[in-house]
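Me: I am new to this structure. Please show me how to read a few of its features.

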Amino acid sequence: MKMNNESAGHEAIIMGKRVREARKCKKMTLKVMAEKAGVTPPHISMVERGLIRPSLAVVSRLADALDISVAALFADDAGQVFVTRHGERTSLMFNDSSIVQMLSPAGSMMVHLVSGSDGETGDMSVIHTYDELLLVLSGDIDYLVGDRVYSLRQNDAIFIPAGIRHNLVGDRWRSALMLFVSPAGTEDQ
């Protein structure tokens, strides 16, 4: 559908920019994304350039193809200050063992505040396709990176390069507060 008013045009441009940023961040070609979303490459190109405003069904398929939320495609937070107040943050449970709070806006860097709990850990080891930084805000943790365990205390940080298996080990992390930082558009692998 063609744009016919300024507001809708601005919204289409913002969404198109978000689609392009997310696609490039995931190193996905137009062709691959089109196949995943069930549309043509020219259609995605027109969306990315803000020339068309796709239907909600297509927006949902684009978000699914990019593995991001539909809301992230409409976030117009570039150049704006973003405040997350304690008690108002989006929170979720991870592996029934820790609480993860989102601290950054959609489309920006990914910043998560993580606190332990009494849940089961299971195998929480991960290998990411991106670099990650962990800062211990309070408490002590043991962090397995590759085949080496690093004991970290309050205010210690560790940088984990892409492609290296890592995870929290032991029980000390359950009383810790940690900050994880990674590039925008990244998801757990």
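Reply: Start with salt bridges. A salt bridge is a side-chain nitrogen of Lys or Arg within 4 Å of a carboxyl oxygen of Asp or Glu. Keep in mind that this is a predicted model.

Me: How many salt bridges does a search of the whole structure find?

Reply: The search finds seven. One pairs R172 with D140. Their closest N and O atoms are 3.9 Å apart.

Me: Which parts of the chain does that pair link?

Reply: Distant ones, 32 residues apart. R172 sits in the loop between β8 (166-169) and β9 (177-182). D140 sits in the loop between β4 (132-138) and β5 (141-145).

Me: Where in the chain is confidence lowest, and where is it highest?

Reply: Where pLDDT is low, the predicted coordinates should not be read in detail. Here the lowest confidence is in strand β1 (residues 91-94), with a mean of 59. Helix α2 has the highest, at 94. The chain averages 77, and 69% of the residues score at least 70.

Me: Now helix packing. At what angle do α2 and α3 pack?

Reply: Angles of 65 to 115 degrees count as roughly perpendicular. Helix α3 (residues 41-48) packs with α2 at about 105 degrees, and the axes are 8 Å apart. The two are therefore roughly perpendicular. On α2 the contact uses L30, K31, M33 and A34. On α3 it uses P41, I44, S45 and E48. By class, that contact has five nonpolar, one polar and two charged residues.

Me: And at what angle do α2 and α4 pack?

Reply: The angle between α2 (residues 30-37) and α4 (residues 56-66) is about 120 degrees, with axes 8 Å apart. These helices are therefore oblique to each other. The crossing of α2 past α4 is right-handed. M33, K36 and A37 of α2 meet R61, L62, A65 and L66 of α4.

Me: How do the residues of the contact of α2 with α4 divide?

Reply: Five are nonpolar, none is polar and two are charged.

Methods
Residues are numbered from 1 along each chain as its sequence is written. This is a predicted model: local features need pLDDT of at least 70, side-chain atom pairs count only at pLDDT 80 or more; totals for chains, interfaces and linings use all residues. Side-chain values use heavy atoms; hydrogens and water are left out. Axes are lines fitted to C-alpha atoms, for helices over the stretch in contact, and angles run from 0 to 180 degrees between N-to-C directions. Helices (H or I, at least four residues) and strands (E, at least two) are DSSP runs, numbered from the N terminus. Angles under 35 degrees count as roughly parallel, over 145 as roughly antiparallel, 65 to 115 as roughly perpendicular and the rest as oblique. A crossing is left-handed if the near helix is turned anticlockwise from the far one by less than a right angle, and right-handed if clockwise. Contact means heavy atoms within 4.5 Å. Ala, Val, Leu, Ile, Met, Phe, Trp, Tyr, Cys and Pro count as nonpolar, Asp, Glu, Lys and Arg as charged, and the others, Gly among them, as polar. pLDDT is the predictor's confidence in each residue, from 0 to 100.
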